[in-house]
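Student: I would like to go through this model with you. Could we take the contacts one by one?

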Amino acid sequence: MTTLPLPLLAPSAAPPTTPSTAPTSAPPGAPARPAPADALSVWPATTTERPHGQLLVGGVPLTEIAEGHGTPVYVLDEAEVRERCRTYRTAFPDAEIHYAAKAFLCRALAHWVEEEGLGLDVCSAGELELAVTTGFPPERILLHGNVKSPHDLETALRLGVGRIVIDTPAEIARIAAAVGTEGRQKVMVRVTPGISAGGHRKIRTGSEDQKFGLSIRDGHAQHAIARILDQPHLELTGLHCHLGSQIADVKPYLVAVRRLVGLMARVRDAHGVTLPELDLGGGHGIAYRPGEPALDLTTLARKVRAELAESCAAAGLPVPRLIIEPGRAVVGPAGVAVYRVLGVKRTPGRTFVAVDGGMSDNPRPALYGVRYAPRLVGRHSAAGPERVTVVGRHCEAGDVLAEDVPLPADTRPGDLLALPVAGAYHLSMASSYNLVGRPPVVAVRDGRARLLVRRETLADLRARDVGL
């Protein structure tokens, strides 16, 4: 698992899920072998390759999935997801680990996360209801977001969500009133520690100039805490922060620990209350292309625990229970998107390889300039590499999936391209732009494949259009 730098854990001991299909037949050729680490370092650990360009994930050929389910199609490696959940639990044995559902959520994934002992972090009534109706224990779910709708809060209280993270002062009275005279709801306060961290300015959430959290520096966090403590039907369990996403350096988390423990000490001194929980959020960086930096989880866990113990000792506080919220780092490297080439266009300055998906199933390159390493699968090419730009099918100049990447010079219509590290923020942010339905999700494990989420059809899209 090169994208999450850790010693590999023991092989999965969890019982396999019951597949809906029989084992896939192996294609002809030599036996599968582990893929070269340099070539496929950002792919799921189960990835193997055969001669003639055949690539298998979870023991299933990507060509077989494309033929059986069409393209574009998303492949999710169940073993990789489960192993990454266990990696977090091993690194933070005394912490609560909550999977951040906004990265990607479906019923099967909620089930895997729950089986591996993680909690869940949701941002809406929709995510919450899907998880609870799947059987996820609501007391292990945390709801947050910069603002919650009345429906979000009503659903959270009705289903018995474990904690609600207050992100704006107006939520204090709204939640207290909704709880009623007989109830009591656990809440946390999301604070802004004044730390700028993250891979792009649009995913930096710990600084003062964005919409999330209550500032420590200007006193808004302290004022909100005092108001919550005056509400008899709200139980303040701790502080929450989230610094941003794609953070590859440990230092911002250590600074956040010091600042939040300092605020905890001020709360104790002002109100006589010792808060038992500290949530450091997630945002742990992963590699999207070979050689890119990723956050070292072992180092993060060791240094955060040491900093937390040292800061609490200096402040005369007991060490609070730590909460960590990984999303991308759990599911991102477990996903692979498979597209079919529709056309190749050569211009004087650039070669465009157009595929049958694009920004409707992966808007991240257009939003954040994310760079990927696509690969030709299904056939071996003896042609040398050519620098190309992989583009989608949508009527936008910004519909680019991978810019200036090497592909075989004989790449042609009908070829399959696979895009690794596609498990997070692709389908969760997908749209039906140009009335192109969203792709299906297929899980793989131990040589078997099963459909998790079906393809969105034109009939689905028409069904929502009810007026003339």
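Tutor: Let us begin with a salt bridge: the side chains of Glu-277 and Arg-163 meet at 2.8 Å, N to O. Glu-277 belongs to strand β13 (residues 277-279) and Arg-163 to strand β9, so the pair ties together parts that are 114 residues apart in sequence. Please keep in mind that this is a predicted model.

Student: Are Glu-277 and Arg-163 buried or exposed?

Tutor: Both Glu-277 and Arg-163 are buried.

Student: How many salt bridges does the structure hold?

Tutor: There are 29 salt bridges in the structure. Another of them joins the side chains of Arg-375 and Glu-49, with an N to O distance of 2.9 Å. Arg-375 is in strand β17 (residues 375-377) and Glu-49 in strand β2 (residues 48-49), so this pair ties together parts that are 326 residues apart in sequence.

Student: What about the accessibility of Arg-375, and that of Glu-49?

Tutor: Arg-375 is partly exposed, with a relative accessible area of 26%. Glu-49 counts as buried, at 12% relative accessibility.

Student: Which residues are linked in a network of salt bridges?

Tutor: The network links Glu-78, Arg-82, Arg-86, Glu-115, Glu-116, Arg-445, Asp-446 and Arg-450. Within it, the side chains of Arg-82 and Glu-78 meet in a salt bridge of 2.8 Å, N to O.

Student: Where are Arg-82 and Glu-78 placed in helix α3?

Tutor: They are four residues apart in α3 (residues 78-91), so about one helical turn separates them. Arg-82 counts as buried, at 1% relative accessibility. Glu-78 also counts as buried, at 1% relative accessibility.

Student: Changing topic: which sides of helix α6 are covered? What is buried there?

Tutor: In α6 (residues 150-159), the buried residues are Asp-152, Leu-153, Thr-155 and Ala-156. They cover an arc of only 165° around the axis, which puts them on the same side of α6.

Student: What do the buried residues of α6 pack against?

Tutor: They pack against α5 (125-134), β8 (141-143), β9 (163-166) and α7 (170-179). Strand β9 has already come up, as the strand that holds Arg-163.

Student: And what sits at either end of α6?

Tutor: Ser-149 is found in the loop between β8 and α6. A polar atom of the Ser-149 side chain lies 3.0 Å from the backbone nitrogen of Asp-152. Ser-149 is partly exposed, with a relative accessible area of 30%. After α6 comes Gly-160, whose phi is positive, near 80°.

Student: On to the sheet. Which strands pair with β15?

Tutor: Strand β15 (residues 335-346) pairs with strand β5 (residues 73-77) in the antiparallel sense over four bridges; in that pairing, Val-75 stands opposite Val-336 in β15. Five bridges join β15 to strand β20 (residues 416-420), again running antiparallel, and Tyr-339 stands opposite Leu-417 in β20. Five bridges also join β15 to β16, which run antiparallel, with Val-341 opposite Val-355 in β16.

Student: How many residues are in the hairpin that joins β15 to β16?

Tutor: The hairpin joins them through four residues.

Student: What does Thr-351 contact?

Tutor: Thr-351 is found in strand β16 (residues 351-355). Leaving aside neighbours within four places in sequence, Thr-351 is in contact with Val-344, Lys-345, Arg-346, Glu-386, Arg-387, Val-388 and Thr-389. With Glu-386 there is a polar contact between side chains, at 2.8 Å. Thr-351 is buried, with a relative accessible area of 7%.

Student: Last topic, the nonpolar core. How many residues has the largest one?

Tutor: The largest nonpolar core has 127 residues, and those with the most contacts inside it are Leu-62, Phe-92 and Tyr-99. Helix α9 (residues 251-271) contributes the largest share of this core, ten residues. As general background, nonpolar side chains tend to be buried together in soluble globular proteins.

Student: Which residues does Tyr-99 touch?

Tutor: Not counting residues up to four places away in sequence, Tyr-99 touches Phe-104, Leu-109, Val-113, Leu-118, Gly-119, Leu-120, Asp-121, Pro-326, Gly-327, Val-330 and Val-331.

Notes
Residues numbered from 1 in each chain as written. Predicted model: local features only at pLDDT ≥ 70, side-chain atom pairs only at ≥ 80, totals over all residues. Heavy atoms only, no water. Buried < 20%, exposed > 50% of the residue type's maximum accessible area, 1.4 Å probe, protein only. Helix = DSSP H or I, 4+ residues; strand = E, 2+ residues; numbered from the N terminus. Arc of directions from axis to C-beta. Contact = heavy atoms within 4.5 Å. Polar contact = N/O pair within 3.5 Å; in protein donor to acceptor, adjacent residues only side chain to side chain. Salt bridge = Lys/Arg side-chain N within 4 Å of Asp/Glu carboxyl O. Core = buried A, V, L, I, M, F, W, Y, C linked by side-chain atoms within 4.5 Å. Pairing = 2+ DSSP bridges.
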